[in-house]
Structures are given as structure tokens and as C-alpha cells.
Amino acid sequence: MREEDKKVFEDAVAAIRDEGRYRVFADIMRERGRFPHARLRVGDGEYRDIVVWCSNDYLGQGQSPEVLDAAHAALDKVGAGAGGTRNISGTTSYHVDLEKELADLHGKEGALLFTSGYVSNDATLSTLAKLFPDLWIFSDAQNHASMIEGIKRAKCERRIFRHNDIQHLEALINEAPADAPKLIAFESVYSMDGDTAPIEAICDIAQQYGAMTYLDEVHGVGLYGHNGGGVAERDGVMHRVDFIEGTLAKAFGTMGGYVTGPAAAIDAIRSTASGFIFTTSLAPSIAAAALESVRVVKACPHMRDRLAERAERLKALLRESGLPVMAESTTHIVPVQVGDAALAKQVSDALLFEHGIYVQPINYPTVPRGTERLRITPSPFHDDALMEQLVAALNAVWAKYVIGRAA
């Protein structure tokens, strides 16, 4: 590599460092059976105990004995890897049964597995435009990067409507030819602010203008609705949404993504999406673990009730302490506003190294500059004692670094 080429990389990283948003990955070892406790590596072979407050394993299913047993059984039965793409020797009964279970979870005719939620959004949205050459896509301004990337790659007409703004959405739809195929893409739970979409109102607009609907339930699936079908199930509108996309890496505690919808549509995506066709399928042990996790979560609404109670309890404690919990959140996500990248990193480091509490700072490009925050995600296993420790640590860190800096 030429020195001038190497300098391009060095300058790019230096610019990120200068903004205070250079990302450092915490080297942690989760401990089976002790969620949300883990160990942080602080030296060569040296670890310290921490409590994780920012995991997307919202229900602790990554540590569930039933899920782990299912993974071990599959590993012992069929081995480690899938051995190929889904088309070439990489489909097992675990994959097939998991797709049936996910379709049932969302009340759809079909489902298709992907290696991640990012890939499922990217591949599906870009493929829909290939199937509908004249497609117009209407995308919420706060959609996830994977949706944005898929829509960009679609290379079709696209319009961005203001976040959760139904009037703006309708105005934009009126710009499209009446007979053009249309798709509205949005999320159920917006993971950085913790607010939710007006799904019923969006479905009303879609019905009025003959648009398809594509809902990302990544942060809602498993956590809302009687069976864990997501916010759309909770709101009684799941049947009105054409495509529901989700992940296996959050409430279900494993990995992978999927999309559900009409059988003909799922078959067309399966047959044409390069992000599905040309990648090795999920390891059978992961598919087996996910299958068991979906079944457990569907059958256990008390998990969802406990998570909701924990989230509300934490928000109340933080607000009582005067900490700036973002008012937008109506869900299990608890964002605490900081507003500066370097300060968010300083606060996060202080929590981790001074108090043994791990909350990763969220900076640009995940959120807009000036809205940097700590994104706290309680689980059913974060008890009152852990919450009190967190609030006490946050108060101490806030007084030392945030209030002290302002003064």
C-alpha cells in the first residue's frame, strides 16, 4: 500500500477521534446463567465484574436453558455449519420449521430467513424494486440504516416523510402517479428514541392510495402483543400490514433476520434476492436455538409484562433523580440525553470503569449530532437493587462530569 493511500485511512480515523466519537468496543464475556452480569477484560487475562445495561437481548433469551439445550442438541446432531447456501445443501428442518413458526407469529402465509436483520431489510427492499420497476417507496425519516441502504439500492422513486407525520406522508403519496405501485416503509419501535409508529393510521393511508406496507418490527417482535408478534399485534393491525420484518438477535437472543408476508411475495423474494441466494445459511444450531426461543417467547406473555414494568420503573427512578430521560420513549428503551459525543463517551467510561456499569454511548451517525445519548435497555432480570445501583452511579457521574462541566 502506498503511503498516501495509508494516510487516507489514518486521516479518516483521526477526524472521527477529533469529534470525540471514535468507537471503542468493550471486551466483555457474558456468563451463562448470570445475565445481565458479565466480565470485562481489563488486562491480559484480567477481568472485572460488570452489569450490562445496553444489551439488545431484551428478554435474556440468549441465556435461556431451553434455548441453549436446543442449540447443543442440534450441534450434536448435525454439526457446526450449514454447509452451504439455502439452495445448495444449506437447508435443514430447523430452517424450514423456523420459517413456519415466524410466519405463524405474524399471521402471514410465508417467511424467509436471512443471516441478519440488516440483510433482511437491505435485500428485501432492494429486491421489491426489481419486482416492481415503477415502484415508489415512502420511507420514514428515522428508519434504520439497513432500510435506508435497501431503498437506496432499489434505485426507484423514493420520498422521505417526516417522522411519524401522516399528513406529510399523504402529501408525498399524492406526488406519485395514481397507478404507480407504492410501498410505505416504517418501523414499529424506533430504537434510539423509544417511540412507536402510528401503524393503524399508516395502514389507512396505504389502503386509501393502494400502497403496500413494509413494517420493521425488529425492536417490537417478542416484546409486544399477546403472542409477541410485535406492536402491530398489540394494536390489532397485524393483518393489515403486507410485510413484517424482524430479527432473531434481540428478543429471541440468537442471531439472524427474516421477512414475512404473502406466500407469492416471499417466494419471489426467495427466488430473486441476491442477499438471500448467495450467502451461506444460518448455522443449524442457531436456527434450532431461535426456533425454541420463538416458541418459548410466544408462550410466555409474562415476560413481556415484566419487561414493561421494569422499563417504567427505571424511567420513574431516573426522572425522580432529575436525569434527562428523553420524553419520546413510550417503550422498553430508556434513552438518557447527553448532547455531546465526547461527553457521552466520558460518561460511559466513568460508569464502566468507576462503577462497573456498562452503557454504550450512542453517537453520530447512529443519531444526529447534538443528540448523543446513553441508551439503556432494562430486562426482566434487572431487579430493584440493580436499578438503584444504576441510578446512584448515574447521579454521581452526572454531578462529576456533566453538571461540573456546565458549571
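Helix H12 (residues 301–320) lies across strands E13 and E16, and its direction runs at about 20 degrees to that of E13. Here helices (H or I, at least four residues) and strands (E, at least two) are DSSP runs, numbered from the N terminus. Angles run from 0 to 180 degrees between N-to-C directions, and axes are lines fitted to C-alpha atoms, for helices over the stretch in contact. The model is a predicted one, with local features needing pLDDT of at least 70 and side-chain atom pairs counting only at pLDDT 80 or more, while totals for chains, interfaces and linings use all residues. Residues are numbered from 1 along each chain as its sequence is written, and side-chain values use heavy atoms, with hydrogens and water left out.

On the other elements around this sheet, helix H13 (residues 341–355) packs on it and touches E15 and E16, making about 45 degrees with the direction of E16. Contact means heavy atoms within 4.5 Å. The sheet itself is open and has three strands in the order E13-E16-E15, with antiparallel pairing; two strands pair if DSSP finds at least two bridges between them. E13 (334–337) and E15 (361–362) stand at the edges with a single partner strand each, so one side of each is left without a neighbour in the sheet. Four bridges link E13 to E16 (residues 373–376) in the antiparallel sense, and Val334 has Ile376 of E16 as its bridge partner.

H12 also meets another helix. The axes of H11 and H12 come within 5 Å and cross at roughly 75 degrees, so the two helices are roughly perpendicular to each other (the label covers 65 to 115 degrees, with under 35 counted as roughly parallel, over 145 as roughly antiparallel and the rest as oblique). Val296, Val297, Lys298 and Ala299 of H11 make this contact with Pro301, Met303 and Arg304 of H12. By class, that gives five nonpolar, no polar and two charged residues. Ala, Val, Leu, Ile, Met, Phe, Trp, Tyr, Cys and Pro count as nonpolar, Asp, Glu, Lys and Arg as charged, and the others, Gly among them, as polar.

H11 (residues 284–299) packs against H3 (residues 93–105) as well, at an angle of about 30 degrees and with the axes 9 Å apart. H3 and H11 are therefore roughly parallel to each other. Their crossing is left-handed, in the sense that the near helix is turned anticlockwise from the far one by less than a right angle. On the H3 side the contact includes Tyr94, Leu98 and Leu102, and on the H11 side it includes Ala287, Leu291 and Val294. The contact of H3 with H11 has 10 nonpolar, one polar and five charged residues.

A second open sheet has seven strands in the order E4-E12-E11-E10-E7-E5-E6, and its pairing is mixed. E4 (110–114) and E6 (157–161) are the edge strands, each pairing on one side only. Neighbouring strands are turned by 20 degrees against each other on average, direction ignored. E5 (residues 136–140) and E7 (residues 182–187) run parallel and are joined by four bridges, with Phe138 partnered by Ile184 in E7. Helix H7 (residues 199–209) packs on this sheet, touching E7 and E10, and its direction makes about 175 degrees with that of E7.

On its other pairing, E5 joins E6 in the parallel sense over five bridges, where Ser139 has Ile160 of E6 as its bridge partner. Helix H5 (residues 145–154) lies across E5, E6, E7 and E10 (212–216), at about 160 degrees to E7. E5, H5 and E6 make a right-handed β-α-β unit: with the strands pointing away from the viewer, the path from the first strand over the helix to the second runs clockwise.
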